[in-house]
Protein chains: 2
Amino acid sequence: MPDKAPWITYRPELKVLDCTIRDGGLINNHLFDDALVRAVYETCVAAGIDYMEIGYKNSPRLFAKDEYGPWRHCEEEDMQRVVGDHDAEATGLKLSAMADAEKSDWRHQIVPAEQSPLDMIRVAFYAHQVSEAVQMIEHCHELGYETMANLMAVSNITEREIDTVLSAIAPTPAGTMVIVDSFGHLYREQIDMLYRKYAAAMEGTGKEIGMHAHNNLQLAFANTLEAIVLGANRVDATMMGLGRGAGNCPMELLLGFLRNPKFSLRPVIQLLRDHIDPLRETVEWGALVPYNITGALNLHPRSAMQFRAGEDRDDYLKFYDQITADE
Amino acid sequence: MPDKAPWITYRPELKVLDCTIRDGGLINNHLFDDALVRAVYETCVAAGIDYMEIGYKNSPRLFAKDEYGPWRHCEEEDMQRVVGDHDAEATGLKLSAMADAEKSDWRHQIVPAEQSPLDMIRVAFYAHQVSEAVQMIEHCHELGYETMANLMAVSNITEREIDTVLSAIAPTPAGTMVIVDSFGHLYREQIDMLYRKYAAAMEGTGKEIGMHAHNNLQLAFANTLEAIVLGANRVDATMMGLGRGAGNCPMELLLGFLRNPKFSLRPVIQLLRDHIDPLRETVEWGALVPYNITGALNLHPRSAMQFRAGEDRDDYLKFYDQITADE
């Protein structure tokens with residue numbers, strides 16, 4: 001198998017992570033019922049997906065349990081209730097949770113890996129939080145977890161800041177450094193530039209490069225493909241692109257592209273029909289015009305989400321005028 | 001300005017064609033009212049768009065006038081009623097119509113360019129129709145029109161067929177050879193392969209390479225960007241991606257990316273609010289799951305459109321099972 005397989009073959013090292021519950025949960029304060037989470041879990045197993053990120057390990061002090069659902073904290077008993085005696089080897093699926101710098105009681109909240117169904121902790125952080133992120137990665141590694149480093153909002157910081165973060169992450173035990181386009185702003189050439197920068201900084205460390213895309217400009221899937229073509233071996237997606245604002249790279253498109261026969265699209269299509277499409281009755285996501293606008297302007301989609309929640313939700317011109325006047 | 005401008009500058013040679021009415025009209029038999037067509041026209045002028053394709057020059061024998069709207073035939077009086085004394089020089093906007101091989105009475109239907117508001121005729125054809133297409137291009141050129149050659153459904157023919165078509169088009173007076181992804185099937189590496197093939201075949205002829213993408217895999221905008229990065233200088237888009245099935249490359253995304261200050265996004269956002277979004281009450285388009293499936297399988301979206309018109313429209317799994325059983 002060549003190192004850079006063309007679109008008709010595949011790289012066996014390429015692994016797919018489903019973050020429907022973790023990232024998609026930002027749409028509804030992680031108030032998914034157990035049946036949905038279990039359905040996503042079973043779909044991941046049936047579809048041959050490599051990792052499922054079941055939620056955040058975030059602090060109940062900061063995210064109160066009467067306001068946020070269980071997947072904001074991923075207490076061991078909540079996970080166990082849904083995935084039972086999860087067996088990563090038998091199912092081929094590893095479970096992951098994300099811990100944010102400054103939002104997680106990581107010193108106390110995370111049990112040793114052998115006592116948890118979780119195989120991986122992904123550490124999410126902004127550039128200025130990199131020192132805490134390094135400690136978190138080392139701590140989780142010592143507890144026996146695989147780790148990834150997710151530097152968020154990369155479109156909003158300087159190249160110098162990126163370089164500094166990469167230098168700090170390179171010597172850690174993190175298995176993967178992830179390109180995270182939080183604002184869904186990156187165009188093809190920027191993905192190229194970042195991939196090359198990340199790969200060069202991690203050279204010789206054995207780390208993989210990951211890709212986590214958002215769909216504000218309808219580029220989440222394309223940017224994920226771009227990263228794959230360049231050599232990224234860890235890619236994130238969510239079922240039907242479920243996610244806050246414009247959402248994420250859709251799993252059904254990604255699996256439709258990947259040629260590794262271990263992946264199966266049919267269980268995903270079934271999940272979309274039975275569980276994900278029906279969510280549209282209560283929550284909205286997708287690459288709507290206001291998200292196109294914040295994406296193109298390299299802004300957090302917050303203002304677009306607020307606008308879509310208001311009375312003038314379809315007055316795209318009003319939103320455009322407001323947001324360009326703010327600039 | 002460098003030949004291959006990075007994403008922060010621009011190539012002045014890059015020209016944008018709006019085909020909302022022509023290609024979008026396949027969604028409703030071109031039964032747009034004059035107000036909508038005029039609004040698109042005025043938006044194109046205000047936004048600095050280079051070409052507007054106002055419809056097809058197709059045969060009224062094959063497309064009866066009591067069934068199809070005026071933009072299926074583009075009679076001179078219909079165009080005049082909407083665009084009046086259109087002045088390409090004063091407005092910066094050229095008008096175009098598309099004529100299909102075998103579907104157009106091109107020998108009789110097209111008047112000399114000096115008698116028409118049209119500046120360009122685009123000739124659309126399948127590979128086996130290339131001989132008629134060459135005659136059409138020569139005929140329209142003699143009538144004083146700029147011409148483009150649009151080889152359709154390129155994902156469905158062999159490289160040898162593509163090469164033969166390109167050899168036949170190269171010596172014609174066509175100004176542009178367009179990559180047309182009718183099924184919305186092409187991935188990034190295939191766009192690269194086709195661009196290089198088209199560019200090599202047209203080398204020395206002075207022809208530009210164009211890109212016309214469909215959104216079945218949410219890749220219309222990304223593939224258009226890819227072609228631009230490679231050097232394509234003629235790109236198609238429609239307002240809000242309006243188009244049959246999954247639709248087209250959205251103009252608002254394209255203009256949000258292009259850095260030539262002659263383009264203006266605001267009039268497009270206004271048009272979306274006032275004229276295009278309201279169309280969703282009567283017609284459906286977008287990268288829905290059934291179109292994702294036909295796109296990934298390299299199939300015409302016809303079956304997906306029929307499915308979405310039926311009672312089981314949301315039963316994606318049924319559609320998936322039907323179409324994969326047919327294969």
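Biologist: How many residues of α12(B) are buried?
Modeller: In this predicted model, 8 of the 8 residues of α12(B) are buried, which leaves the helix mostly covered.

Biologist: Where is Gln218(B), and what is its phi?
Modeller: Gln218(B) lies in the loop between β7 (208-212) and α9 of chain B, and its phi is near 55°, again a positive value in a residue other than glycine.

Biologist: Why does Gln218(B) count as buried?
Modeller: Gln218(B) counts as buried because it has 25 C-beta neighbours inside 10 Å, and the cut-off for that label is 20 or more.

Biologist: What about Met240(B), buried or exposed?
Modeller: Met240(B) is buried, because 28 other C-beta atoms lie within 10 Å; this residue sits in the loop between β8 (234-237) and α10 of chain B, and its phi, near 60°, is positive too.

Biologist: Changing topic, how many residues of chain B are in contact with chain A?
Modeller: On the chain B side there are 32 residues, in contact with 32 residues of chain A. The elements of chain B giving two or more residues to that side include α12 (289-296), along with α8 (188-202) and α14 (316-326).

Biologist: How many residues on that side of chain B are nonpolar, polar and charged?
Modeller: The side of chain B that touches chain A has 18 nonpolar residues, 5 polar ones and 9 charged ones.

Conventions:
Residues numbered from 1 in each chain as written. Chains lettered and ligands numbered in written order. Predicted model: local features only at pLDDT ≥ 70, side-chain atom pairs only at ≥ 80, totals over all residues. Contact = placed C-beta atoms within 7 Å. Helix = DSSP H or I, 4+ residues; strand = E, 2+ residues; numbered from the N terminus. Nonpolar A, V, L, I, M, F, W, Y, C, P; charged D, E, K, R; others polar. Buried ≥ 20, exposed ≤ 12 C-beta atoms within 10 Å, placed from the backbone.
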